[in-house]
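Hi,

Here is the structure I promised to pass on. Have a look at it first, and then read my notes below.

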Amino acid sequence: MNSAATGSAATDSAATGSAGTDRAPAARSGAPARRGPRERLAALVSPPRVNALDIARALAILGMIGAHVGDIPPFDPIWPASYLSIVHGNSSMLFAVLAGISIALVTGRRRIPEPAELPRLRASLLGRGIAIFLIGLVLEMMGTGVAVILTFYGVVYIAALPVIRLRPSRLLLLALPIALLGPVLVTLAEMLSLGSYGPGADLVLIGSYRFTSWAPLILLGMALGRMPLDRPGVAARIAAIGAGAAVLATVAGMALAALLGTLAPEVYGPEAESAASSAVVEESAEEEDEPGLGWDGYGESLAEMDPAWELGESVISLTPHSGSTLEIFRSGGIALAVIGGLLLIARPLRWVLLPLSAMGSMPLTAYSVHLVSLVVLAGPGGWIADDRVWVASAVVLLVACTAWSALKGRGPLERVTAWAARRAGQAVPAAAPGPAPRSAVR
């Protein structure tokens, strides 16, 4: 069998919770024995599967459910309940880092894929990305009332095709300038176009899930996926670096906002922020009756957009989904801290955390079931803000995913995406055997 196909099949289970939980190792007769519920659950939390990543996926999904249906107050340091507001923005960013890790896992884990393997690996990623995109599209057409993450998630798999052979150091070097300059350049382009938008720009540049925000985190995740995550020292460093980055980004954002508000209150002070919000409302109200401006009114319209304020916000804003530079570093740091911490505790607590592992092994299914239930409860385009719904959704999904993992193994939508990836990979002719694979990334 071609090495690309073998590597893809071997790592698919680790990334998406698939074939590894369905069948036992082949018996001596050569016929694979069916696994029972206990064996399936044991495989779910045992090597080579990294159950910490499944738990992190589950936490990301639970956080997004809370962002969708929870009644969470704005953050206030003296109000403990407001600390739950951390789910806004950070949950989807954690999902972005985990997406990058999954891409690394299905393309060789620590081993950089060989050139001969690339056609099949890229075809498999393309098939998987298209399947995820179509699932997201169906959910959007149901009128869920939320920004469905899966359409963009599918695009992510396709966008990663050119970089799957990069080493961790190069992935990080590529991520850094995108995180630093991407938000500013997108904001500048948006202003120069006077806020013009379209379906493509809304999908990848100015929507809730901006490519300039997600790309650095996906590259970060791919770099993590090439590392020896089973080593406690590596996990501890990941957690420490993440916690430090999150704290520094938060402090920097608050300090810069206060400093700019003092030095230039007419631009960054509270009154300027209020005026900017009022201008947006007035502009929206007048937009329908105003004819095309053309070049005559371009300069005035550009000035009304307050470029100094917008460019400053693209760097220092800590508002969820703002896509700013500091939001990327803070949310990325939180993601690293969560993943690193879970890598340290998930194995010893594997049976205690089993329901989270089960839910995280079928993230597409769990997320989709949540959105379908939201439509059923609130109606198309409806909205819910009730913490009881959040808790009930979490409990039902944890129980249902655990039961499905015990009885069936891989989640139903994960079966669909794995099938799409497998068929796409099989459509590419097998390459001639090449030299022996290189050693794992150090």
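A word on naming: helices are DSSP runs of H or I with at least four residues, strands are runs of E with at least two, and both are numbered from the N terminus. This is a predicted model, so take it as such: local features need pLDDT of at least 70, side-chain atom pairs count only at pLDDT 80 or more, and totals for chains, interfaces and linings use all residues. Residues are numbered from 1 along each chain as its sequence is written, and side-chain values use heavy atoms, with hydrogens and water left out.

Let me start in helix H5, where Val138 lies. With a relative accessible area of 52%, Val138 is exposed (exposed means over 50%, buried under 20% and partly exposed in between, with a 1.4 Å probe and protein chains only). Val138 sits 10.0 Å from Val148 in space, C-alpha to C-alpha, and the two are ten residues apart in sequence.

Leu137 is in helix H5 too, and it counts as partly exposed because its relative accessibility is 34%. Leu137 also belongs to a nonpolar surface patch of about 530 Å², together with Leu126, Ile130, Leu134, Met141 and Ile158. Five residues of that patch, the largest share, come from helix H5 (residues 118–141). For the record, patches are made of residues with over 30% relative accessible area and no salt bridge, like charges being joined within 9 Å and nonpolar side chains (Val, Leu, Ile, Met, Phe, Trp, Tyr) within 5 Å. A salt bridge here is a side-chain nitrogen of Lys or Arg within 4 Å of a carboxyl oxygen of Asp or Glu. The areas come from the Shrake-Rupley method with a 1.4 Å probe, and for residues only the protein chains shown count as cover.

Thr417 is buried, with a relative accessible area of 2%. Leaving out residues up to four places away in sequence, Thr417 touches Arg128, Ala131, Ile132, Ile135 and Leu364 (contact means heavy atoms within 4.5 Å).

Now to the inside. The largest nonpolar core has 88 residues, and those with the most contacts inside it are Ile103, Leu150, Tyr153, Trp214, Ile339 and Met359. Its largest share, twelve residues, comes from helix H4 (residues 87–106). By a nonpolar core I mean a set of buried Ala, Val, Leu, Ile, Met, Phe, Trp, Tyr and Cys residues joined through side-chain atoms within 4.5 Å. Apart from neighbours within four places in sequence, Ile103 is in contact with Leu125, Val156, Tyr157, Ala160, Ile164, Ile218 and Met222.

Which residues of H6 are buried? They are Leu150, Thr151, Phe152, Tyr153, Gly154, Val156 and Tyr157. That makes seven of the ten residues of H6, so this helix is largely enclosed by the rest of the structure.

A search of the whole structure finds six aromatic pairs (ring centres of Phe, Tyr or Trp, the last by its six-membered ring, within 6.5 Å; planes under 30 degrees apart are stacked, over 60 edge-to-face and the rest tilted). Phe95 and Tyr153 make a stacked pair, 5.1 Å centre to centre with 25 degrees between the planes. This pair links distant parts of the chain, with Phe95 in helix H4 and Tyr153 in helix H6 (residues 150–159), 58 residues apart. Phe95 counts as buried at 3% relative accessibility, and Tyr153 is buried at 6%.

Phe152 and Phe211 form an edge-to-face pair, because their ring centres are 6.4 Å apart and their planes are at 70 degrees. Phe152 lies in helix H6 and Phe211 in helix H9 (residues 211–225), so the pair ties together parts that are 59 residues apart in sequence. Phe152 is buried at 1% relative accessible area, whereas Phe211 is partly exposed at 32%. Ring pairs link Phe152, Tyr209, Phe211 and Trp214 into a cluster.

Last, some backbone details. A cis peptide bond joins Pro47 and Pro48, with omega about 10 degrees; Pro48 is in the loop between helix H2 (37–44) and helix H3 (51–69). Arg109, in the loop between H4 and H5, has a positive phi near 55 degrees without being a glycine.

Cheers
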